[in-house]
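Student: Could we go through this structure together, one question at a time?
Tutor: Gladly, let's have a look.

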Amino acid sequence: MLSFTGTGVLLTRKSGRMSQASRKRVVVASTVPEKAEAKTSIGRTALPVAMVGFSVVNRVIYRTLLVPMKDYTFFITQFITFAYVAVYGALLMSRRKKGIVTDDMIAVAKSKWKTFASIGGLEALALAVQLYSGARLPGSLLGILAQGILPFTMICSVLLRGRKYSALQVASIAVVIGGVLITIYPTFSSLSSTLGMELLFNSALFFCSCGFIALALVLKEGALQGENLDIFVVNTSSSFMQMLATILLMPVSFAVALGGLSLGKWVDYVNAGVRTAVGMEGLRITPYIGLAYMTVNLIMNILGITLIKNMSAVTAILTSIVTVPIVTLVFCLDLPLLTPQPFTPLFVLGVIAVLLGLAMYNYEGLQKARTARD
């Protein structure tokens with residue numbers, strides 16, 4: 001009797017020879033684990049690569065859409081929030097039918113409606129501010145300025161959750177902020193005083209808007225802690241509140257865009273915005289750019305959730321870090337409708353500084369994740 005259990009196959013031999021049919025079964029069975037392992041390996045590689053790719057494409061389409069819609073960013077905000085509610089709501093209903101989402105989860109979400117209202121309001125405010133300021137900034141700066149979420153998350157976590165950070169993480173924030181300032185300087189120095197001040201104002205506006213996102217993330221973390229809530233319950237609840245907050249912010253958005261609260265101007269503004277969004281004015285391809293942005297954005301969010309759920313923390317962190325320089329450098333290319341960012345040594349130095357700060361901030365988390373994995 002001879003047994004082979006290494007591949008999950010048991011062979012019995014009565015003599016020193018095996019039949020041809022037995023050999024075929026052994027070969028086929030032994031290759032099954034190898035094929036499964038190969039598929040898993042490909043999946044582990046493809047998911048982070050896809051995440052980086054869609055993140056880059058998402059940022060480029062986002063900035064391209066802001067060219068024809070520069071004065072009508074409110075319509076983009078509405079479109080995004082309604083789409084999020086529709087997609088996340090459909091996924092939530094599907095998961096509820098499968099029994100993944102329970103009635104208890106829905107009850108917990110309803111009991112925390114004030115928290116989700118705060119989260120939705122903060123996300124709506126951040127989106128409105130970032131669309132307004134982002135439409136007036138070079139695309140290459142958007143990914144760098146978005147790293148403002150690090151210092152604001154640290155501040156909110158310390159104040160609201162009593163979290164402590166190491167000296168290395170605190171130092172990394174100074175490095176990131178320094179890198180952001182270095183990156184902005186080449187563009188700022190090449191402009192006139194008026195345009196330079198406008199660049200600084202919109203850069204500060206975009207950077208500070210990350211504070212709203214950071215606060216929303218900390219509140220969302222608090223809502224999830226100690227509760228058995230599905231991620232789609234949280235996303236759907238906050239997206240619904242974000243949609244309501246966006247509607248409530250409509251007068252403010254119109255007043256900023258028009259410089260006043262004239263009802264007559266509002267009607268003309270809405271009419272012009274709708275005509276531009278559907279391609280009747282401005283660029284005919286505007287609705288297709290908007291559809292492409294919404295599609296890529298939703299895919300990117302789903303990939304992000306999948307990445308966090310199925311991959312290691314190390315992979316998720318490294319994917320986020322790698323995306324920053326790629327997005328920044330892509331905007332140095334001559335892209336349709338966009339002005340290429342000058343590729344200067346100081347600009348590159350600023351990008352490297354931001355990457356160094358991100359690596360410093362995540363260093364201890366990477367070490368812990370590797371230790372846990374080993």
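Tutor: Let's begin with Tyr84, which counts as buried at 11% relative accessibility; buried means under 20% relative accessible area, exposed over 50%, and partly exposed in between, with a 1.4 Å probe and protein chains only. Keep in mind that this is a predicted model, where local features need pLDDT of at least 70, side-chain atom pairs count only at pLDDT 80 or more, and totals for chains, interfaces and linings use all residues. Residues are numbered from 1 along each chain as its sequence is written, and side-chain values use heavy atoms, with hydrogens and water left out.

Student: What kind of aromatic pair do Tyr84 and Tyr88 form?
Tutor: Rings of Phe, Tyr and Trp (its six-membered ring) pair if their centres lie within 6.5 Å; planes under 30 degrees apart count as stacked, over 60 as edge-to-face and the rest as tilted. The structure holds 9 aromatic pairs. In the pair of Tyr84 and Tyr88, the centres are 5.7 Å apart and the planes are at 20°, so by the cut-offs the pair is stacked.

Student: By about how much of a helix are Tyr84 and Tyr88 separated?
Tutor: Helices (H or I, at least four residues) and strands (E, at least two) are DSSP runs, numbered from the N terminus. Both tyrosines belong to helix H2, and because they are 4 residues apart there, the separation is about one helical turn.

Student: Is Cys208 buried, partly exposed or exposed?
Tutor: Cys208 is in no disulfide, as the nearest cysteine sulfur, that of Cys210, is 8.5 Å away; a disulfide is a pair of cysteine sulfur atoms within 2.5 Å. The structure holds 0 disulfides. With a relative accessible area of 45%, Cys208 is partly exposed.

Student: How many charged residues are in the lining of the largest cavity?
Tutor: On a 1 Å grid over the protein atoms alone, a cavity is a set of points where a 1.4 Å probe fits but cannot get out, and a pocket is an open set with protein on both sides within 12 Å along at least five of seven lines; lining residues have an atom within 4 Å of a point. The lining of the largest cavity is made of Thr77, Ala124, Ala128, Thr246, Leu249 and Ser253. Ala, Val, Leu, Ile, Met, Phe, Trp, Tyr, Cys and Pro count as nonpolar, Asp, Glu, Lys and Arg as charged, and the others, Gly among them, as polar. By class, this lining has 3 nonpolar and 3 polar residues, and the charged ones number none.
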